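Here's a quick tour for anyone meeting this structure for the first time. Have a look at the model, then read on.

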Protein chains: 2
Amino acid sequence: MIKATIYVTIKRGVLDPQGNAVQGALHSMGFDEVGSVRIGKYMELELNTDNRAEADNRVKAMCEKLLANTVIEDYRFELQ
Amino acid sequence: MIKATIYVTIKRGVLDPQGNAVQGALHSMGFDEVGSVRIGKYMELELNTDNRAEADNRVKAMCEKLLANTVIEDYRFELQ
């Protein structure tokens with residue numbers, strides 16, 4: 001079994017309304033030192049395979065096809 | 001300036017409907033090797049301070065008060 005950890009982040013230059021909302025909330029709570037806030041997704045997948053090279057290709061395909069919107073998002077992943 | 005990277009994950013034992021939906025979608029796309037899927041949040045904050053000890057305390061307070069629902073979610077963070 002291989003565990004994949006995937007990080008999906010909004011590309012630089014793309015607006016992040018969720019991050020802006022969190023930034024505003026933190027400021028209103030007195031956390032004035034907070035500058036930019038960017039929010040992404042963090043996913044943990046268990047893969048029923050022991051072939052790391054194949055898992056690498058398969059996770060890449062999952063990200064491209066479903067897990068990330070590559071027009072506005074970047075992704076990276078680690079296999080354990 | 002200190003950059004904080006925060007990971008918020010659903011606690012073990014708490015249902016993750018978003019993860020289940022993604023698992024179902026991956027299976028229907030032919031990624032049959034996918035076992036459990038857990039989805040969390042990934043946040044990058046910029047802090048306008050250079051005091052790491054203070055930043056550590058402040059980010060912890062932000063997580064407890066706003067960024068994580070500690071009843072059902074765990075959080076961890078790194079400062080850079």
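## A buried glutamate and its partner

B:Glu33 has a relative accessibility of 12%, so it counts as buried, the cut-off being under 20%. Keep in mind that what you're looking at is a predicted model. The side chain of B:Glu33 meets that of A:Arg58 in a salt bridge, at 2.6 Å from N to O. B:Glu33 sits in the loop between helix 1 and strand 2 of chain B, while A:Arg58 belongs to helix 2 (residues 52-67) of chain A, so this pair joins two chains. A:Arg58 itself is partly exposed, at 26% relative accessibility.

A:Glu33 counts as buried at 12% relative accessibility, and B:Arg58 as partly exposed at 26%. Side chains of opposite charge can pair when their charged atoms come close.

## Two copies, one turn

How does chain B relate to chain A? Turn chain B by 180°, with a shift of 0.0 Å along the axis, and it lands on chain A with an RMSD of 0.0 Å. That's the relation of a two-fold axis. Both copies use the same surface, with 100% of the contact residues of chain B recurring in chain A.

## Where the chains meet

Chain B puts 32 residues into the contact, and chain A puts in 32. Between them, about 2900 Å² of area is buried, with carbon and sulfur atoms giving 62% of it. Three residues stand out: B:Phe31, B:Glu33 and B:Tyr42 supply 23% of the area that chain B buries against chain A, more than any other three.

The interface has 2 salt bridges, and 16 residue pairs are in polar contact between the chains. On chain B, strand 1 (2-10), helix 1 (17-28), strand 2 (34-47) and helix 2 (52-67) each bring at least two residues to the side touching chain A. Strand 2 of chain B has the largest share, 14 residues. Sorted by type, that side of chain B has 17 nonpolar, 6 polar and 9 charged residues.

## Inside chain A

Over all chains, the whole structure holds 4 salt bridges. One of them is within chain A, where the side chains of A:Glu73 and A:Lys41 meet at 4.0 Å, N to O. This pair links distant parts of the chain: A:Glu73 is in strand 3 and A:Lys41 in strand 2, 32 residues apart. A:Glu73 is buried at 13% relative accessible area, whereas A:Lys41 is partly exposed at 27%.

Strand 3 of chain A (residues 73-79) also holds A:Glu78, which is partly exposed at 34%. Beyond its sequence neighbours, A:Glu78 is in contact with A:Lys3, A:Ala4, A:Thr5 and A:Tyr7. Take A:Thr5, found in strand 1 (residues 2-10): it is buried, with a relative accessible area of 3%. Among the residues A:Thr5 touches are A:Tyr42, A:Met43 and A:Phe77. For a sense of distance, A:Glu78 and A:Gly24 are 54 residues apart in sequence and 32 Å apart in space, C-alpha to C-alpha.

Definitions and conventions. Residues numbered from 1 in each chain as written. Chains lettered and ligands numbered in written order. Predicted model: local features only at pLDDT ≥ 70, side-chain atom pairs only at ≥ 80, totals over all residues. Heavy atoms only, no water. Least-squares fit on C-alpha atoms with pLDDT ≥ 70 in both. Contact = heavy atoms within 4.5 Å. Helix = DSSP H or I, 4+ residues; strand = E, 2+ residues; numbered from the N terminus. Buried < 20%, exposed > 50% of the residue type's maximum accessible area, 1.4 Å probe, protein only. Buried area = accessible area lost by both parts, 1.4 Å probe. Polar contact = N/O pair within 3.5 Å; in protein donor to acceptor, adjacent residues only side chain to side chain. Nonpolar A, V, L, I, M, F, W, Y, C, P; charged D, E, K, R; others polar. Lists of a residue's contacts leave out its neighbours within four places in sequence.
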